[in-house]
Amino acid sequence: MAVEPDAPPPPAPPPPPSQEPPAAESVAKAMVPSDEPHPHPEPEASPALAIVSTGEKTGSKDRDIALAKVNQERTFSHIRAWEENEKSKSMNKFNKVVAKINAWENAKKATAEAKLKKREEALEEKRAAYVEKMKNKIAAVHRTSEEKRAMAEAKRGEEFVHAEESCAKFRASGHAPKKFLCFGD
């Protein structure tokens, strides 16, 4: 149980019962007889006088006041203890709720991060497959173009051979070709 810094200091202990004689209205003084006869009455300040109370005692009032203060302090102490207990219960509930919220948040984050990672891996696989597909397509285009170049080269070679054979034939016969630069029949 911690002491609050704002709490008022504990009240001072009740003053001790007064040693003064009680008021004259509530106390009657009586003479205590002694063994010897007294010819003259003694004054009031004599030690042979005893105090006899006829009504409430002031000491009793002081005691009642002190007991009331003690009861009040005990009540206030119980109230402070109850308040601290309620505050600690409230703080514990708050801490439990915050812990649950943090656990929920962490679980949701982990789920989202796992989903993101899975999606990234799937996208990476798709990307890799697409890159592979495009590389294959580029390779196929390159092969096709090489084949077409080779066919064009072969055709050019055939045309050169045909032109040389025709030229040799025309030389042998001495005739000029009928179609020369599109001027023929």
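With which residue does arginine 63 form a salt bridge? The legends below begin with that pair in this predicted model.

**Figure 1. Salt bridge between arginine 63 and aspartate 64.** The partner of arginine 63 is aspartate 64, and their closest N and O atoms are 3.9 Å apart. This distance qualifies because a salt bridge requires the side-chain nitrogen to be within 4 Å of the carboxyl oxygen. Arginine 63 is exposed, with a relative accessible area of 51%. Aspartate 64 is partly exposed, at 41% relative accessibility. The two residues fall into separate classes because exposed means over 50% relative accessible area. Across the whole structure, a search finds seven salt bridges.

**Figure 2. Salt bridge between lysine 89 and glutamate 86.** Here the side chains of lysine 89 and glutamate 86 meet, with an N to O distance of 3.2 Å. Both residues belong to helix H1, which covers residues 58–173. Because lysine 89 and glutamate 86 are three residues apart in this helix, about one helical turn separates them. Lysine 89 is partly exposed, its relative accessible area being 41%. Glutamate 86 is also partly exposed, with a relative accessibility of 30%.

**Figure 3. Salt bridge between lysine 109 and glutamate 105.** The closest N and O atoms of lysine 109 and glutamate 105 are 3.4 Å apart. Both residues lie in helix H1, where a spacing of four residues places them about one turn of the helix apart. Lysine 109 has a relative accessible area of 45% and is partly exposed. For glutamate 105 the relative accessible area is 34%, and this residue is likewise partly exposed.

**Figure 4. Arginine 156 over the ring of phenylalanine 160.** In this view, arginine 156 lies over the face of phenylalanine 160. The distance from arginine 156 to the ring centre is 5.2 Å. As for pairing between aromatic rings, a search of the whole structure finds zero such pairs.

**Figure 5. Strand S1 and the confidence of the model.** Strand S1 comprises residues 27–31 and has the lowest confidence in the chain, with a mean pLDDT of 47. Confidence is highest in helix H1, at 95. Over residues 23–31 the pLDDT is below 50, and this stretch has 17 contacts in the model beyond near neighbours in sequence. The chain as a whole averages a pLDDT of 80, and 65% of its residues score at least 70.

Figure 6. The chain contains one helix and two strands. Of the 185 residues in the chain, 2% are buried. The chain exposes about 17400 Å², of which carbon and sulfur atoms supply 61%. Among contacts with a separation of 6 or more, 54% involve residues 24 or more positions apart.

Note on methods:
Residues numbered from 1 in each chain as written. Heavy atoms only, no water. Buried < 20%, exposed > 50% of the residue type's maximum accessible area, 1.4 Å probe, protein only. Phe/Tyr/Trp six-rings, centres within 6.5 Å; stacked < 30°, edge-to-face > 60°. Lys NZ or Arg CZ within 6 Å of the ring centre and 35° of its normal. Contact = heavy atoms within 4.5 Å. Areas by Shrake-Rupley, 256 points an atom, 1.4 Å probe, with all protein chains shown as cover. pLDDT = per-residue confidence, 0-100.
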